Amino acid sequence: MHVQEDRLKEFVTAVLTRVGVTEDKARNAAEVLVFADSRGIESHGVSKLPIYVQRIKAGGINPAADPKIVSRTGGICRIDGENAMGPVAGHFGAETAVQNALENGIGLAAVGNSNHFGVTAYYSMKGLDRGIIGFAMSNANPTMAPWGGKKAMVGTSPLSIAVPTGNGLPLVVDMASSLVARGKILLAAQAGRELPQGWALDKEGRETRDPEAALQGLLSPMGGPKGSGLALIIDILCGVLSGSKWLTDVGHLYSGLDTPQRIGHVFGGIKIEAFMKVEEFYTIMNEYVHAVHDCPRAEGFDRIYMPGEIEYLKTLEAKAEGIKLSDAIRKDLETTAEELDLSLAAYA
């Protein structure tokens, strides 16, 4: 099933307004979720809508929450997310960081008391068209053990950095500190697919390719102790500095639905004009991209991609053909819609 981006956003907005989210905030959330699908990241796209709705219904998310700045020092501020939907708190925090950067050269915003916020790249890319290099990170519910352990104590701690180039193709790193995001394990379980080697561990810390065993066990850190260390540092920056929960106190997305997750995020922006003329930066970046593209290719590689380039090409495809929804995701969305007296087919 293919759905055009705008129609899918309208569907998500309609669903969220039915459970008490104001239309402007519902549109913010729809923008974040559909953005992920348009980039081919279905694990963080509209597949998350049903659990967001369940958490709102159960009282774990406040649909009427209005995030607010609680302290400010120059271009740095701390925000209370007020237990809003993660995309709502994230949208407010990222935009605040961009505005801080435009006014001060560098801007930072730490958001506390939030929930799962979707795909991290959405937030790092918030100021690209305004000459801002952006970054975003978040802690998450525990799914990884510290290196050498077998108890889940820290989340996948995603990190994204986005750099504008002026030619439409931004450079975007968007990664979890685990080898893969937990959402990909969930999708594999829904589809009954075996996991690739090295993605996950069972509850005893042994490698497994069974997605169900992985969901009961642990995600493998990216690069072993390096990914583990990165996850812990991001957990400190996002959890501790924002006044949120950290390590095993961070709430799970799919359990304890009536309890706020208390996740923390950090957003930042760097104003290019504070260092050099934007046009000069863009000229250099175009040379930079060409130099990387022209690197001699190793055997088995037909093309060298810049970070985020594959996802950029996916967005062009999505604009032309619409967003493809897998059967599993379509069924989940149809069930959620029917419970709210809506129809997904009406938006197809």
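Q: How do the residues lining the largest cavity divide into nonpolar, polar and charged?
A: The lining has 7 nonpolar, 5 polar and 1 charged. Ala, Val, Leu, Ile, Met, Phe, Trp, Tyr, Cys and Pro count as nonpolar, Asp, Glu, Lys and Arg as charged, and the others, Gly included, as polar.

Q: Where does the model come from?
A: The model is predicted, so local features need pLDDT of at least 70 and side-chain atom pairs 80 or more, while totals for chains, interfaces and linings use all residues. Residues are numbered from 1 along each chain, and side-chain values use heavy atoms, without hydrogens or water.

Q: Back to cavities. How many of 30 Å³ or more are there?
A: The count is 1 cavity of 30 Å³ or more. On a 1 Å grid, a cavity is where a 1.4 Å probe fits but cannot get out, and a pocket is an open set with protein on both sides within 12 Å along at least five of seven lines; lining residues have an atom within 4 Å of a point.

Q: And how much space lies in the largest cavity?
A: About 50 Å³.

Q: New topic. How much space lies in the second largest pocket?
A: The second largest pocket holds about 510 Å³.

Q: What lines it, and which residues lie nearest its centre?
A: The lining of the second largest pocket has 24 residues, and those nearest the centre are Phe35, Arg39, Met125, Leu128 and Pro170. Helices H1, H2 and H10 (309-321) each supply at least two lining residues. By type, the lining splits into 11 nonpolar, 6 polar and 7 charged.

Q: At what angle do H1 and H2 pack?
A: H1 (residues 5-18) and H2 (residues 23-38) pack at about 135°, with their axes 8 Å apart. Axes are lines fitted to C-alpha atoms, and angles run from 0 to 180 degrees.

Q: Which residues make the contact?
A: On H1, Glu5, Leu8, Lys9, Val12, Thr13, Leu16 and Thr17 take part. H2 brings Glu23, Ala26, Arg27, Ala29, Ala30, Glu31, Leu33, Val34 and Ser38. Contact means heavy atoms within 4.5 Å. The residues of the H1 and H2 contact comprise 8 nonpolar, 3 polar and 5 charged.

Q: What about H1 and H3?
A: The axes of H1 and H3 (residues 49-58) come within 10 Å and cross at roughly 15°. Phe11, Val12, Val15 and Leu16 of H1 meet Leu49, Val53 and Ile56 of H3. That contact has 7 nonpolar residues, with no polar and no charged.

Q: And H3 with H11?
A: The axes of H3 and H11 (residues 327-339) come within 9 Å and cross at roughly 35°. Leu49, Pro50, Val53 and Lys57 of H3 touch Asp332, Leu333, Thr336 and Glu339 of H11. The residues of this contact divide into 4 nonpolar, 1 polar and 3 charged.

Q: Last one. Where is aspartate 258 found?
A: Aspartate 258 sits in the loop between helix H8 (225-240) and S11. Leaving aside neighbours within four places in sequence, aspartate 258 is in contact with Ala58, Gly59 and Gly60. The C-alpha atoms of aspartate 258 and isoleucine 61 are separated by 7.7 Å, though the two residues are 197 residues apart along the chain.

Key: Helices (H or I, at least four residues) and strands (E, at least two) are DSSP runs, numbered from the N terminus. Grid points are joined across faces, edges and corners, and a volume is the space filled by probe spheres set on the points.
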